[in-house]
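Trainee: I am new to this structure. Please take one part of it and walk me through that part closely.

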Amino acid sequence: MIWLGGQACWTPGQALAWIGWRAGHVADKFDDQLARPVRAWTQDHAEHQRASGQLASGITYSLVVCDGSVQFVLAATPGVFDLDGESAP
């Protein structure tokens, strides 16, 4: 696993906005066939509601995108973490 970055967010909405922003970067690296589901996620309001509910309940939300043998995971995890992805004390 290679950590590609993170962002502290204070609300589920902020976390989902960050995932959407990063999803755009990921989609730009894929061909159209693989980018299509990532771009569709950014407009899927029902999925955003589901994700927001998960986060509010303390459950990690993940958007997983596969490109052959490479898997990109964009996730929001409730809790306190440092920007290296490690749990803070």
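Mentor: Start with the buried residues of helix α2, which spans residues 32-41: they are Ala35, Val38 and Trp41. Around the axis they cover an arc of only 110°, so they sit on the same side of α2. Keep in mind that this is a predicted model.

Now turn to the other side of α2. There Asp32, Gln33, Arg36 and Pro37 are exposed. So what covers the buried residues? The cover includes α1 (12-29), α3 (45-56) and β1 (61-67).

Place the helix in the chain. The protein chain has three helices and two strands. From the N terminus on, their order is α-α-α-β-β. Of the 89 residues, 26% count as buried.

Take Trp41 next. Its relative accessibility is 6%, so Trp41 counts as buried, the limit being under 20%. Trp41 forms an aromatic pair with Tyr61. The pair is stacked, with 6.4 Å centre to centre and 25° between the planes. Trp41 belongs to helix α2 and Tyr61 to strand β1, so the pair ties together parts 20 residues apart in sequence. Tyr61 has 2% relative accessibility and therefore counts as buried too.

Two further residues meet this pair. One is Glu47, which lies in helix α3. Setting aside residues up to four places away in sequence, Glu47 touches Trp41 and Tyr61. Glu47 is itself buried, because its relative accessible area of 17% is under 20%. The other is Leu16. Leaving out neighbours within four places in sequence, Leu16 is in contact with Trp41, His48, Ala51, Ser52, Leu55 and Tyr61.

Leu16 and Tyr61 turn up again in the largest nonpolar core. That core has 18 residues, and Leu16, Ile19, Tyr61 and Leu63 touch the most other members. Which elements give two or more residues to this core? They are α1, α2, α3, β1 and β2. The largest share, seven residues, comes from α1.

Go back to Glu47, for its side chain has another partner. Glu47 forms a salt bridge with Arg50, and the closest N and O atoms are 2.8 Å apart. Both are in helix α3, three residues apart, so about one helical turn separates them. Arg50, at 44% relative accessibility, counts as partly exposed. Glu47, at 17%, counts as buried.

The count of salt bridges comes to two. The other one involves α2 itself. Arg39 and Asp28 meet through their side chains in a salt bridge, at 2.8 Å from N to O. This pair links distant parts of the chain: Arg39 is in helix α2, Asp28 is in helix α1, and they are 11 residues apart. How accessible are the two partners? Arg39 counts as partly exposed at 39% relative accessibility. Asp28, at 54%, counts as exposed, because the limit is over 50%.

Phe30 is in the loop between α1 and α2, while Phe72 is in strand β2 (residues 70-76). They are 42 residues apart, and the pair links distant parts of the chain. Phe30 is buried, with a relative accessible area of 8%. Phe72 counts as partly exposed at 22% relative accessibility.

Step back to the whole chain. Among contacts between residues at least 6 apart in sequence, 38% join residues at least 24 apart. The accessible surface comes to about 6200 Å². Carbon and sulfur atoms hold 55% of that surface.

To recap the helix: Ala35, Val38 and Trp41 are its buried residues. Asp32, Gln33, Arg36 and Pro37 are exposed on the other side. Trp41 pairs with Tyr61, and Arg39 bridges to Asp28.

Notes. Residues numbered from 1 in each chain as written. Predicted model: local features only at pLDDT ≥ 70, side-chain atom pairs only at ≥ 80, totals over all residues. Heavy atoms only, no water. Buried < 20%, exposed > 50% of the residue type's maximum accessible area, 1.4 Å probe, protein only. Helix = DSSP H or I, 4+ residues; strand = E, 2+ residues; numbered from the N terminus. Arc of directions from axis to C-beta. Contact = heavy atoms within 4.5 Å. Phe/Tyr/Trp six-rings, centres within 6.5 Å; stacked < 30°, edge-to-face > 60°. Core = buried A, V, L, I, M, F, W, Y, C linked by side-chain atoms within 4.5 Å. Salt bridge = Lys/Arg side-chain N within 4 Å of Asp/Glu carboxyl O. Areas by Shrake-Rupley, 256 points an atom, 1.4 Å probe, with all protein chains shown as cover.
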